[in-house]
Amino acid sequence: MEIPVLDWQRFTTGEDVDGFVRDLGRACRETGFFLITGHGIPDDLIKDVFAKGDMFFARPMVEKSKVDIRNNPHNRGWACEGSESLDETSGQMDRKEAFNVGLDLAADDPRVLNGEPFRGVNIWPEVEGFRDTMLAYYDHIWALSRALHRAFELDLNLPQDYFAPHFTAPLATLRVLSYPAATDGAGIGAGAHTDYGSVTLLMTDGVGGLQVKPRGQDWIDAPHVPGAYVVNIGDCLMRWSNDIYVSTPHRVLPPKTARRSIAFFLDPNPDSVITALPGTGEAKYAAITGADYLRSRLDATYTPKDIT
């Protein structure tokens, strides 16, 4: 089974909305993965995100430790190599490091002051331009991922903007990731897992390693198309669609050369209730809020101090 490549311009220009939605719906039902070209995110901005990530990951351990995610209660900051196990059943720790950026809130924001789940201020390393670049990218990719839900609405026969209220202040995380070269081929870059939220948009540097396991099949390599996003359905959207869409296991093999990627995970608002969409039949999953589901999955991945 191949992972399809879809041109987003077919949808946004109105050139072939019905055909795009049909192809999108097939991908969401069969593999849960597709690639998007023509997305409109500036190439220079993507390159700058990679560059700023490189600058941070090259810093000494003592500097990176100042923004360690294990000292942050809101899933923000640096995750060192060996601190996560995305496949909690494997006994293997992931061979990667990452930096997390969340929805940017001020220290005096009522949601921060009230201690709402995952509502904290971002923490930033002392890397020139890092904050501005990451926030600019966050806004662009957040807008694109929301727009994709307009196509999901058409495919799932939902009213226009059905999803919009669920992504006004989402538990969305931008992750800049670095996988060191694993010349020994040992271990795992990122263990087999499904993503937690509604949809994930991933940009890679072209180094291979990402594999996908469609239902009832063996692992297949995800294709690389320069400038294209790898998009996959997450658990929340699978639950919302009552298993019409599939959230598919994937992993990253230890790369022979250093590998970098930029992932954006669009989780819904913390108080959004994830339950079967209208017209999808009897609910296969108990209703759960976005915050409660995210907490349950993060607790299984690693144990930062007092995630709330």
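Predicted model: local features only at pLDDT ≥ 70, side-chain atom pairs only at ≥ 80, totals over all residues.
How many bridges join strand β7 to β10, and in which sense do the two run? Four bridges do the joining, and the strands run antiparallel.

**Strand β10 and its partners**

β10 covers residues 229-233, and five of its five residues are buried. Tyr-229, Val-231 and Ile-233 point one way from the strand, while Val-230 and Asn-232 point the other way. Besides β7 (residues 199-204), β10 also pairs with strand β2 (residues 33-37), again in the antiparallel sense and over four bridges.

| Residue | Bridge partner | Strand of the partner |
|---|---|---|
| Ile-36 | Tyr-229 | β10 |
| Val-199 | Ile-233 | β10 |
| His-193 | His-250 | β11 |

**The core**

Tyr-229 turns up again in the largest nonpolar core, which has 88 residues. Together with Tyr-137 and Phe-152, Tyr-229 touches the most other members. Helix α6 (residues 130-155) gives the most to this core, with twelve residues. In soluble globular proteins, nonpolar side chains do tend to be buried together.

What does Tyr-137 contact, leaving aside its neighbours within four places in sequence? The list runs Ile-41, Leu-45, Ile-46, Val-49, Leu-174, Tyr-229 and Ile-262.

**Where α2 meets α6**

Helix α6 also packs against helix α2 (residues 17-30): their axes come within 9 Å and cross at roughly 85 degrees. With angles of 65 to 115 degrees counted as roughly perpendicular, α2 and α6 therefore are roughly perpendicular to each other. On the α2 side, the contact is made by Val-17, Phe-20, Val-21, Leu-24, Gly-25, Cys-28 and Arg-29. From α6 come Ala-151, Phe-152, Leu-154 and Asp-155. By class, that makes eight nonpolar, one polar and two charged residues.

**A four-stranded sheet**

Elsewhere there's an open sheet of four strands, ordered β6-β11-β8-β9 with antiparallel pairing. Which strands stand at the edges? They are β6 (190-193) and β9 (220-221), each with a single partner strand, so one side of each is left without a neighbour in the sheet.

Conventions. Residues numbered from 1 in each chain as written. Heavy atoms only, no water. Core = buried A, V, L, I, M, F, W, Y, C linked by side-chain atoms within 4.5 Å. Buried < 20%, exposed > 50% of the residue type's maximum accessible area, 1.4 Å probe, protein only. Contact = heavy atoms within 4.5 Å. Pairing = 2+ DSSP bridges. Axes fitted to C-alpha atoms, helices over the stretch in contact; angles between N-to-C directions. Parallel < 35°, antiparallel > 145°, perpendicular 65-115°, else oblique. Nonpolar A, V, L, I, M, F, W, Y, C, P; charged D, E, K, R; others polar.
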